[in-house]
Amino acid sequence: PHFCPAGLSCPAQLAVHLIRFGWRNALDIDHSGAKTVQQLVHRETVGNLTDLYRLSEEDLRALEGFAEKSTRQFHRSIQDTKAPELKRFRYASGIRHEGEHVARRLAQHFRRLEAMTKTDAGTLEAIDEISPEIARAIHDFFSRKENRDVLSAMRRAGVKVAPSPAPEWQPLKGQVFVFTGSLAGFTRDAS
């Protein structure tokens, strides 16, 4: 799986990727359902993900079923995704084996997209909950020139993936406490 660069020979794969990119749990782009995406791909208005950010309201107005209001909403919704949260962008990227949970886990660990793109499979595998299979898929994704080119093109189109916030300090996380003796008002099973 990859970002579907320009010149992709399989429009169906591009359409599937664009639909996933716009899912509510991904970048949440209003009006980016199957019918709309199929029109964009069939008319060759969109040849890769970066093309979404180059669409004008006039481009969208030409789509079947788009009136003035829906055209404005769709265009605004696309533009509003130019600063996506890292975990949403990761999930929207469609990397094989990387669901929402893994995307969230990686965003917490790396905090910045640039840090993720430069890491090796061994480092990824050392992260809690990242299997060797997932680590290889992620490393392979960022190793492909066409994916790096799409990321660069998206940056040039104004997409700036927002870094994840620093994790909250949790000094007791992962600690186990054992109480000896008794607690007033509690039986052993209730405590």
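Biologist: Why is Arg111 called partly exposed?

Modeller: In this predicted model, Arg111 has a relative accessible area of 32%; since buried means under 20% and exposed means over 50%, with partly exposed in between, Arg111 counts as partly exposed.

Biologist: Where does Arg111 sit, and what is its phi?

Modeller: Arg111 is placed in the loop between α7 and α8, and its phi is near 70 degrees, a positive value in a residue other than glycine. Helix α7, which covers residues 100-110, is followed by this Arg111.

Biologist: Which residues of α7 are buried, and what covers them?

Modeller: The buried residues of α7 are Val102, Ala103, Arg105, Leu106, Ala107 and Phe110, and what covers them includes α6 (86-92), α8 (113-117), α9 (121-125) and α10.

Biologist: Which other residue has a positive phi without being a glycine, and why is that residue called partly exposed?

Modeller: Asp28 has a phi near 55 degrees, a positive value in a residue other than glycine, and lies in the loop between α1 and α2.

Biologist: What makes Thr71 count as buried or exposed?

Modeller: Thr71, which lies in helix α5 (residues 68-79), has 0% relative accessibility, and because buried means under 20%, Thr71 counts as buried. Leaving aside its neighbours within four places in sequence, Thr71 is in contact with Glu57, Leu60, Arg61 and Phe66.

Biologist: How do you know that the span of α1 agrees with its number of residues?

Modeller: At 1.5 Å a residue, the 12 residues of α1 should span 16 Å, and the end C-alpha atoms of α1 are 17 Å apart, which agrees. The buried residues of α1 are Leu14, Ala15, His17, Leu18, Arg20, Phe21 and Gly22, and their cover includes α2 (34-42), α3, α6 and α11.

Biologist: What puts the buried residues of α11 on the same side of the helix?

Modeller: The buried residues of α11 are Asn147, Val150, Leu151, Ala153 and Met154. They cover an arc of only 165 degrees around the axis, which puts them on the same side of α11, while Lys145 and Arg156 are exposed on the other side. As a general point, an α-helix has 3.6 residues a turn, so residues three or four places apart point the same way. The cover of the buried residues of α11 includes α1 (11-22), α3 (49-52), α6, α8 and α10, and α11 is followed by Gly158, whose phi is positive, near 100 degrees.

Biologist: Why is α10 called roughly perpendicular to α11?

Modeller: Helix α10 (residues 132-143) and helix α11 (residues 145-156) pack at an angle of about 70 degrees, with their axes 5 Å apart. Because angles from 65 to 115 degrees count as roughly perpendicular, this angle makes α10 roughly perpendicular to α11.

Biologist: Which residues of the two helices meet, and how do they divide by class?

Modeller: Phe141, Phe142 and Ser143 in α10 meet Lys145, Asn147, Arg148 and Leu151 in α11, and by class the contact of α10 with α11 has three nonpolar, two polar and two charged residues.

Conventions
Residues numbered from 1 in each chain as written. Predicted model: local features only at pLDDT ≥ 70, side-chain atom pairs only at ≥ 80, totals over all residues. Heavy atoms only, no water. Axes fitted to C-alpha atoms, helices over the stretch in contact; angles between N-to-C directions. Helix = DSSP H or I, 4+ residues; strand = E, 2+ residues; numbered from the N terminus. Parallel < 35°, antiparallel > 145°, perpendicular 65-115°, else oblique. Contact = heavy atoms within 4.5 Å. Nonpolar A, V, L, I, M, F, W, Y, C, P; charged D, E, K, R; others polar. Buried < 20%, exposed > 50% of the residue type's maximum accessible area, 1.4 Å probe, protein only. Arc of directions from axis to C-beta. Expected span 1.5 Å × (residues − 1).
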